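Thank you all for coming; I would like to walk you through one model this morning, going from its overall confidence to a few individual residues. Please keep the sequence and the structure in view while I talk.

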Amino acid sequence: MRVGHLGRGQQVHVVTQARRGLSEDIAYRQHRYLIMMAIRTVCFAIAIILFVNHLGWLTAIPAVGAIAIPYFAVVFANGGREPANVRGFMEYQMNLPARREPGGPSDDSGDSASGGSAGGSAGPAADRADGD
């Protein structure tokens with residue numbers, strides 16, 4: 001197996017941060033929808049039992065649940081894919097030292113290294129000593 005360097009424009013995706021598969025995501029959303037519909041059915045049955053037993057305003061609590069749960073179940077089921085992680089996608093960044101450009105600016109400033117100062121001295125420290 002050969003390991004090489006990537007070009008500058010290429011991105012590397014870390015496998016541990018990959019999103020779950022589409023079929024797995026759909027199965028998760030279907031499972032959540034079915035659980036919410038089961039809770040709705042239980043709320044509806046409880047509302048009927050409370051209504052038959054003439055418990056008045058207590059009937060409204062499960063009835064509201066039976067009415068509101070389908071809305072949230074559909075919104076959650078159609079809401080799209082779940083995020084893979086809370087922080088979002090993190091691109092892999094290679095930690096390489098900076099490269100030197102061949103033929104680019106050098107580290108020397110030019111004046112002090114060439115000895116071209118007005119007093120003919122070897123550098124800035126010598127210029128300060130001569131000026132005193």
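Let me begin with confidence: the protein averages a pLDDT of 74, and 56% of the residues score at least 70, where pLDDT is the predictor's confidence in each residue, from 0 to 100. Over residues 113-117 the pLDDT is below 50, and this stretch has 4 contacts in the model beyond near neighbours in sequence, a contact being heavy atoms within 4.5 Å. This is a predicted model, in which local features need a pLDDT of at least 70 and side-chain atom pairs count only at pLDDT 80 or more, while totals for chains, interfaces and linings use all residues. Residues are numbered from 1 along each chain as its sequence is written, and side-chain values use heavy atoms, with hydrogens and water left out.

Now the overall layout. The secondary structure comes to 4 helices and 0 strands, and read along the sequence the pattern is α-α-α-α; helices (H or I, at least four residues) and strands (E, at least two) are DSSP runs, numbered from the N terminus. Of the 132 residues, 13% count as buried, and here buried means under 20% relative accessible area, exposed over 50%, and partly exposed in between, with a 1.4 Å probe and protein chains only. Among contacts with a separation of 6 or more, 66% are accounted for by residues 24 or more positions apart.

How do H1 and H2 lie relative to each other? Their axes come within 8 Å and cross at roughly 170 degrees, the axes being lines fitted to C-alpha atoms, for helices over the stretch in contact, with angles running from 0 to 180 degrees between N-to-C directions. H1 and H2 are therefore roughly antiparallel to each other, on a scale where angles under 35 degrees count as roughly parallel, over 145 as roughly antiparallel, 65 to 115 as roughly perpendicular and the rest as oblique.

The largest nonpolar core has 6 residues, namely Met 36, Met 37, Cys 43, Ala 66, Ile 69 and Ala 73, and the elements that give two or more residues to this core are helix H1 (22-52) and helix H2 (60-78). Such a core is a set of buried Ala, Val, Leu, Ile, Met, Phe, Trp, Tyr and Cys residues joined through side-chain atoms within 4.5 Å.

Phi of His 54 is near 55 degrees, a positive value in a residue other than glycine, whereas most residues other than glycine have a negative phi. At 72% relative accessibility, His 54 counts as exposed.

Asp 25, by contrast, sits in helix H1 and counts as buried because its relative accessibility is 0%. Asp 25 and Gly 80 are 55 residues apart in sequence, yet 8.9 Å apart in space, C-alpha to C-alpha.

Finally, two glycines. Gly 21 lies in the segment before H1 and, at 34% relative accessibility, counts as partly exposed; its C-alpha atom is separated by 9.7 Å from that of Arg 81, 60 residues apart along the chain. Gly 79 is in the loop between H2 and helix H3 (111-114), and at 60% relative accessibility Gly 79 counts as exposed.
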